Amino acid sequence: MNRPFRPFLVVFFLLFSISLFSQKRFTISGTITEASSNETLIGVTLLFPELNTGVTTNDYGFYSITLPEGEYQIILSYLGYQEISQNISLNQDLRINFEMFEEVEQLDEVIVTEDVEKINIRKPQMSVNTLSVQTIKKVPVVLGEADVIKSLILLPGVTSAGEASSGFNVRGGSVDQNLILLDEATIFNSSHLFGFFSVFNPDAIKDVKLFKGAIPARYGGRVSSVLEIFQKEGNSNKFGMTGGIGAVASRLLAEGPIVKDKAAFLIGGRASYAHLFLPLFDFANKAYFYDLNAKLNYKINERNNIYLSGYFGRDVFSISDSFENTYGNGVGNFRWNHLFSNKLFSNLSLIYSDYYYGLELDFVGFKWNSGIQNFNIKYDLKHYLSEKLQISYGLNNIYYKFNPGKIVPNSPESGIVEEQLIEKYANEFAAYVDVEHSITQNLSLQYGLRFSYFSRLGQEELNVYENNRPVIFDPFLLIYKGAEPIDTVNPGRGETLASFANLEPRISVSYTLNPDNSFKASYTRLAQYLHLLSNTSSPTPLDVWTPSGPFVKPQLLDQFALGYFRDIEDGDYSLETEVFYKDIQNRIDYIDGANLIANNAIEQVILNGQARAYGLELLFRKNQGKFQGWLAYTLSRSEQRTPGRPPIEDNGRSNKETGINLGEWYSTPYDKTHDFSVYGSYTLNKKWTFNSNFVYQTGQPTNYPIGQFEFQGIVVPYYGLRNKERLPDYHRLDISATLTPKKNQNRRWQSEWVFSIYNVYNRMNAASINFRENPDTGSNEAVRTSIFGIVPSVTYNFKF
């Protein structure tokens with residue numbers, strides 16, 4: 001560049017900057033609520049067409065945006081609500097609260113809310129799915145009970161271990177790698193009745209959002225996904241009730257004002273009752289659940305709101321009078337929203353979470369109690385600096401108490417000695433900053449950094465092992481086995497047994513080709529310090545949570561994702577495609593024959609390995625009209641391996657380890673090569689709506705015997721490498737019809753009938769395949785175990 005031009009360019013850019021920043025700018029902010037209930041609305045889009053920019057409301061319905069002085073049109077849009085358009089003159093800071101009204105005709109309701117508005121095409125956030133409560137209630141499920149988890153499984157990248165299995169798997173991850181939050185409180189077990197139902201009452205839910213990747217820096221502690229669920233706040237305008245009567249369970253929810261337009265309550269309960277009819281068929285066994293949701297909110301003034309919410313649920317399963325199993329979650333949360341200014345929003349949360357597992361064996365004579373508790377304080381702030389720059393930052397601290405198990409005699413005559421397995425304690429601190437930055441009209445970034453620090457605190461007793469290895473390798477038998485402790489120490493509660501610090505960067509970028517097309521890419525690093533010890537493909541209530549420590553390292557994830565997003569025909573259709581790759585260090589693996597139950601030295605049966613998952617996801621949706629729905633397909637692999645550890649010299653010899661599964665990669669129990677699902681909803685008229693979904697999945701990896709030998713007259717099967725075989729492929733078709741009586745019109749009592757058929761063509765999908773000797777022929781045979789065939793059901797829903 002010629003030197004004479006340099007001063008000219010400096011002056012030009014200086015004058016340009018002065019003119020840019022000398023332009024007067026003002027802030028418009030406020031809260032958006034639902035008109036009939038004053039319920040705040042999450043994710044409402046406010047668009048300013050003149051500037052081709054906008055903002056969305058946060059988790060508490062608040063928005064803020066700073067713009068140059070001028071005349072503008074504001075367009076508000078939200079799922080299932082009437083669009084609002086208003087002209088404003090922005091010559092000073094404005095506080096405008098909006099009320100949105102539900103659409104009278106809901107035939108054009110958008111079903112999946114992710115990337116519905118064109119502005120979301122520009123946002124860097126990717127790998128996120130949001131389901132509306134209306135859709136969750138429409139999806140046909142077993143026994144007719146609307147279910148959040150079963151609905152999520154219809155989305156790409158989300159699977160389960162099968163029918164009647166607990167939890168869900170995301171992008172090849174395990175169940176314990178999902179962070180499940182209900183009003184910010186951790187839920188450790190998301191299922192009722194061993195997976196038949198989820199713990200979330202659909203009548204009490206306001207918002208459901210699943211992060212599969214590009215996870216914002218405010219979240220941490222799990223390496224696979226974040227499922228964030230917010231409960232409704234309660235109607236502060238008028239009293240109302242909602243409920244339903246189903247084949248095996250019923251629910252009832254009440255909400256209303258305490259102080260009109262300032263304070264409201266919500267309380268809802270569910271319970272199953274099928275067990276009440278079992279005695280009629282001479283069944284002494286029982287299986288039932290119940291749960292309770294509650295929430296209070298109070299608007300102190302325009303700058304301060306407080307919330308108190310809670311959930312309590314229990315499952316009871318018993319066999320005659322000799323065995324009873326009780327388990328469930330309990331959470332509570334106090335939150336304070338404070339608005340420092342029209343640009344700075346804050347939220348302080350005090351959270352308690354508890355998971356309890358109890359077992360009573362009368363025929364043995366003891367009770368077993370175990371669980372995990374945590375106490376969490378978190379403080380989050382969001383700074384709306386301009387229409388192009390928003391910064392979120394905060395910190396949180398979680399204290400954990402782990403009770404692996406306590407045995408108590410249930411009578412003096414039992415002969416059982418009371419025993420408490422060693423309780424464990426830990427503390428997890430985190431601080432984060434997250435930035436949403438619009439660089440140009442076409443380029444947007446979201447980047448952040450999370451710092452986490454985990455401390456494993458002292459306990460009553462800790463084993464010491466030679467070479468610090470609680471698992472040793474037998475070079476003659478070529479197997480791993482637990483080592484004998486060489487000493488035992490008694491560290492005090494004030495000591496730290498181990499500590500881990502991790503920096504977790506996150507970045508995602510969106511490049512918009514035009515208003516309907518964009519490419520997105522992301523990188524996410526996450527650390528997980530808690531581990532669920534389970535040697536089954538689906539977790540059971542008896543599975544044990546354990547913290548990282550001297551012998552168990554934290555899991556570390558690096559995930560990369562690339563996607564293409566397109567709105568078709570002005571948003572009537574949409575296409576989302578993503579490819580992802582995940583690498584996880586320190587994934588727990590178990591030695592052969594590992595005993596996880598009532599094990600006071602759990603470190604003797606686990607090793608640190610690694611895992612990886614990669615795949616392609618496709619989601620095509622029809623968002624408008626009488627017929628709506630989506631088609632989802634995932635092609636993926638999920639694998640793990642545990643190679644041999646570096647050898648240790650032993651009397652001049654080096655014992656080289658083979659690793660688990662000879663150190664080779666093998667399919668995880670939740671690896672599903674192909675996962676295909678179709679969901680459709682057709683509104684025939686105001687009276688009838690029809691819904692259907694079809695699911696196909698590659699069979700779950702498993703092990704079959706590859707041979708057998710006879711030992712002292714007993715035939716013993718033996719197995720090859722891990723998970724080399726698969727169960728038969730899984731598929732089923734579900735349908736439902738919803739009848740809304742015409743007499744609903746112009747009366748307060750609203751009702752509907754839902755008729756559904758689960759597994760229409762009676763496919764007997766294999767939950768497991770076991771092998772046995774036929775007593776008549778003496779030959780070996782395979783026996784398939786299935787959970788459900790065809791299941792019809794009827795549900796009656798009402799509200800007033």
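**Entry 1**

I looked up D671 and found it buried at 1% relative accessibility; buried means under 20% relative accessible area, exposed over 50%, and partly exposed in between, with a 1.4 Å probe and protein chains only. The model is predicted, so I kept to local features with pLDDT of at least 70 and side-chain atom pairs at pLDDT 80 or more, while totals for chains, interfaces and linings use all residues. I number residues from 1 along each chain as its sequence is written, and the side-chain values use heavy atoms, without hydrogens or water.

Which residue forms a salt bridge with D671? I found R726, with the closest N and O atoms 2.4 Å apart. A salt bridge here is a side-chain nitrogen of Lys or Arg within 4 Å of a carboxyl oxygen of Asp or Glu. The two residues come from distant parts of the chain, 55 residues apart: R726 is in strand β50 (residues 725-726) and D671 is in the loop between β44 and β45 (674-683). I took strands as DSSP runs of E with at least two residues, numbered from the N terminus. R726 counts as partly exposed because its relative accessibility is 29%. I then followed shared partners and noted one network of salt bridges that holds R612, R637, E639, D671 and R726.

**Entry 1: other salt bridges**

I counted 33 salt bridges by this rule. Side chains of opposite charge can pair when their charged atoms come close.

I noted D176 with R587, whose closest N and O atoms are 3.6 Å apart. This pair also links distant parts of the chain, 411 residues apart, with D176 in the loop between β11 (169-170) and β12 (178-182) and R587 in strand β39 (residues 573-590).

E302 sits in the loop between β21 and β22, R95 in strand β7 (residues 94-95), and 207 residues separate them. E302 is partly exposed because it has 41% relative accessibility, and R95 is partly exposed at 35%.

From the loop of E302 I moved to its strands. I found that β21 (residues 286-301) and β22 (residues 304-319) pair antiparallel over 15 bridges; strands pair if DSSP finds at least two bridges between them. Y298 stands opposite I306 in β22. Two residues join β21 to β22 in a hairpin.

I then looked at the pairing of β22 with β23 (residues 323-341), which is antiparallel over 14 bridges. S318 has E324 in β23 as its bridge partner. Three residues lie between β22 and β23 in their hairpin, and S320 has a positive phi near 55° there.

**Entry 2: positive phi elsewhere**

Most residues other than glycine have a negative phi. I listed N467, with a positive phi of about 60°, in the loop between β30 (462-464) and β31 (471-474). I also listed N661, with phi near 60°, in the loop between β43 (653-654) and β44 (666-667). N661 counts as buried because its relative accessibility is 11%.

**Entry 3: a four-stranded sheet**

I traced an open antiparallel sheet of four strands in the order β3-β2-β5-β6. The twist averages 25° from one strand to the next, taken between N-to-C directions of lines fitted to C-alpha atoms, on a scale from 0 to 180 degrees.

I counted four bridges between β2 (residues 45-48) and β3, and three between β2 and β5 (residues 70-77). T45 has T56 in β3 as its bridge partner and stands opposite S77 in β5. Seven bridges join β5 to β6, with Q73 opposite N87. The β5-β6 hairpin has six residues between its strands, and G80 in the turn has a positive phi of about 75°.

**Entry 4: cavities**

I counted 11 cavities of 30 Å³ or more. A cavity is a set of points on a 1 Å grid where a 1.4 Å probe fits but cannot get out, and lining residues have an atom within 4 Å of a point. The largest cavity holds about 270 Å³. It has 22 lining residues, and K150, S160, Y730, R732 and Y758 are the closest to its centre. I noted that β46 (688-697) and β51 (730-739) each supply at least two lining residues, with β46 giving the most, three.

Conventions:
On a 1 Å grid over the protein atoms alone, a cavity is a set of points where a 1.4 Å probe fits but cannot get out, and a pocket is an open set with protein on both sides within 12 Å along at least five of seven lines; lining residues have an atom within 4 Å of a point. Grid points are joined across faces, edges and corners, and a volume is the space filled by probe spheres set on the points.
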